[in-house]
There are 2 protein chains.
Amino acid sequence: MAIENGDFVKIEFTGKVVETGDVFDTTSEEIAKEADIFDDKKSYTPLPIILGGGHLLEGLDKAIIGLNEGDSKVVTLAPEEAYGDRDQKLVQLMPAKEFKKQGMTPYPGLQFQAEGHTGKILTVSGGRVKVDFNNPLAGKTVEYSVVVNKVLDNDEDKIKSLIQLHYAYPNLDVEKTALNFDGKTVAITLDDITRFDQKSYMDVTFQRFRIAKDIYENLDYDNVQFVDEFKKPEDKPEDKPEVKTDDVAENLEETIENSEE
Amino acid sequence: MAIENGDFVKIEFTGKVVETGDVFDTTSEEIAKEADIFDDKKSYTPLPIILGGGHLLEGLDKAIIGLNEGDSKVVTLAPEEAYGDRDQKLVQLMPAKEFKKQGMTPYPGLQFQAEGHTGKILTVSGGRVKVDFNNPLAGKTVEYSVVVNKVLDNDEDKIKSLIQLHYAYPNLDVEKTALNFDGKTVAITLDDITRFDQKSYMDVTFQRFRIAKDIYENLDYDNVQFVDEFKKPEDKPEDKPEVKTDDVAENLEETIENSEE
């Protein structure tokens, strides 16, 4: 069945700049390594998205509509459909001493973060630094080759794909998610390992909110619950046969006990 | 009814060193201010505890057994029933340069933290610093005056008192806790404000574990769940009459939307 807006799909893709042929993003580990953009903190698996859900560039989203599972397509996007045109106002002069205050020595080509934006230094002269805050892909025509890896057809898979998309905990095993459906309520218990996340509770709330929002806007639920469960340990027999040290849940009590001074 | 082990009670207390009369801990804001130990991060309310649950010094725990709601008692505890005897091995010589590496100038009387222990500098001479790692109350006979403020008699109050005891989120309003009882399972939804906790998720897990453990060891439940709920917003009428800016839950969607770049 042809894919339409609101469908949950997994896609493989590779994006490159038409002008230079440089690959800037891909779901393939092999291609990432070839292109020298491999990042060991990224997982190279098909990307789960909701068509029309704002997870992809609009032009790319549209190109997938009408395809079927297994189809592939190459789509070329002009700057206005991709990363926008370059904006000359985003090229700014900054005093070199601002960089030195931060312990940085400015030189052409250096990229840095400032207030959530990435700047790239173009030139340095006479104590003044010319910085380009445009997205490096602004003004470029880009080409994506896309493969529709899978069209998801049940709520369990769809919800798991949203967890995979939004939950930035690297060790999460999405297959260890327990889902409980009760009318218009879905209760989600994530892989136990996520309870040991070092991120702030607030950041986790934001991730969960994005999952919940995608669920109640695209599926037939109006209440999304995240449940952390603590069970009373079973009474243990006198001599334990073995200790499963690879099971975090089983050892939760012990782990936490030991952490209390 | 006389209090026994396992009872949930709220107590007011003031502890002082017998020898000097110095107050070192109290649940009374007025007494804390008088004694010049007032800490604005502490909440001066009756302390919820489980008798025999290890929340108090053992000597103090025992002194409360047999009392009734409203009773008061003064109890004197020898060092071995209170903070232990002084241990001369915990008085150590450290090189002054270790302090300077940390940007500290050592002087007699200075207190500092090292690997979870509090050290107090006794003397500084010839590049050597004599530090006492004993608890400042070690070796002291202490006197507590205790009032049994309340004996809790239902599970809802008992569970709320455990949240108050273990959940170190200063803005938490324990009365905003929603409890759902279903057989041997209790589901706890905390005050929405706790979702914006800046602490790590792992630290929150440890707090929750302590609450859960106190519940399943002292009450008749074997499964304790912490639930974070995200509800689909109701469709809003065209012209909103007013915005309730004091309601975090209502504005959650907006708050989080705005945080996404």
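I take a residue as buried when its relative accessible area is under 20%, as exposed when it is over 50%, and as partly exposed in between. The model I am examining is predicted.

**Entry 1. Chain A as a whole**

By that criterion, I find that buried residues account for 38% of the 261 residues of chain A. I counted the secondary structure of chain A and noted six helices and 12 strands. I then looked up the radius of gyration, which is 23 Å for chain A; the globule rule gives 18 Å for 261 residues, so the chain is more spread out than a compact globule. Along the principal axes, the C-alpha atoms of chain A occupy a box of roughly 75 × 55 × 35 Å.

The accessible surface of chain A is about 15,000 Å², and carbon and sulfur atoms contribute 45% of it.

I compared the length of α5(A) with expectation. Its 18 residues reach 26 Å from first to last C-alpha, close to the 26 Å expected at 1.5 Å a residue. I also asked how many of the 18 residues of α5(A) are buried. The count is 14, so the helix is largely enclosed by the rest of the structure.

A:D222 is located in the loop that joins α5 (201–218) to β12 (223–231) in chain A. I read a relative accessible area of 36% for A:D222; because this value falls between the two cut-offs, the residue is partly exposed. Beyond its neighbours within four places in sequence, A:D222 is in contact with A:K184 and A:Y216 of its own chain and with B:F230, B:K231 and B:K232 of chain B. I also looked up its separation from A:E30, which lies 192 residues away along the chain; their C-alpha atoms are 41 Å apart.

**Entry 2. B:R208**

I turned to B:R208, which belongs to helix α5 of chain B. Its relative accessible area is 3%, and the residue is therefore buried. Which residues does B:R208 touch, not counting residues up to four places away in sequence? From chain A I listed A:Y201, A:D228 and A:F230; from chain B I listed B:Y167, B:L190, B:Y201, B:F226 and B:D228. With A:D228 I found a polar contact between side chains, at 3.3 Å.

**Entry 3. Helix α4 of chain B**

I checked the span of α4(B), residues 155–166. At 1.5 Å a residue, its 12 residues should span 16 Å, and the end C-alpha atoms are 16 Å apart, which agrees. At the start of this helix, a side-chain oxygen of B:N154 comes to within 3.2 Å of the backbone nitrogen of B:E156.

The buried residues of α4(B) are B:K158, B:I159, B:K160, B:S161, B:L162, B:I163 and B:H166. I looked up what covers them and found that the cover includes the strands β1 (8–17), β3 (47–50), β10 (178–182) and β11 (185–189), together with the helix α5 (201–218), of chain B.

B:A32 sits in helix α1 of chain B, residues 29–34. I found its relative accessibility to be 0%, so B:A32 counts as buried. Leaving out residues up to four places away in sequence, B:A32 touches B:T26, B:I37, B:F38 and B:Y44. For B:Y44, 12 residues away along the chain, I noted a C-alpha separation of 8.8 Å from B:A32.

A:D36 has a positive phi of about 65°, although it is not a glycine. Is A:D36 buried or exposed? Its relative accessible area is 70%, over the 50% cut-off, so I record A:D36 as exposed.

In chain B, the loop between α1 and β3 holds B:D36. I noted a positive phi near 65° for B:D36, again in a residue other than glycine. B:D36 is exposed, with a relative accessible area of 70%.

Conventions
Residues are numbered from 1 along each chain as its sequence is written. Chains are lettered from A and ligands numbered from 1 in the order in which they are written. This is a predicted model: local features need pLDDT of at least 70, side-chain atom pairs count only at pLDDT 80 or more; totals for chains, interfaces and linings use all residues. Side-chain values use heavy atoms; hydrogens and water are left out. Helices (H or I, at least four residues) and strands (E, at least two) are DSSP runs, numbered from the N terminus. The expected span of a helix is 1.5 Å times one less than its number of residues. Buried means under 20% relative accessible area, exposed over 50%, partly exposed in between (1.4 Å probe, protein chains only). Contact means heavy atoms within 4.5 Å. A polar contact is a pair of N or O atoms within 3.5 Å; within protein, one must be able to donate a hydrogen and the other to accept it, and residues adjacent in sequence count only if both atoms are side-chain atoms. The radius of gyration is taken over C-alpha atoms; the globule rule is 2.2 Å times the number of residues to the power 0.38. Accessible areas come from the Shrake-Rupley method with a 1.4 Å probe; for residues, only the protein chains shown count as cover.
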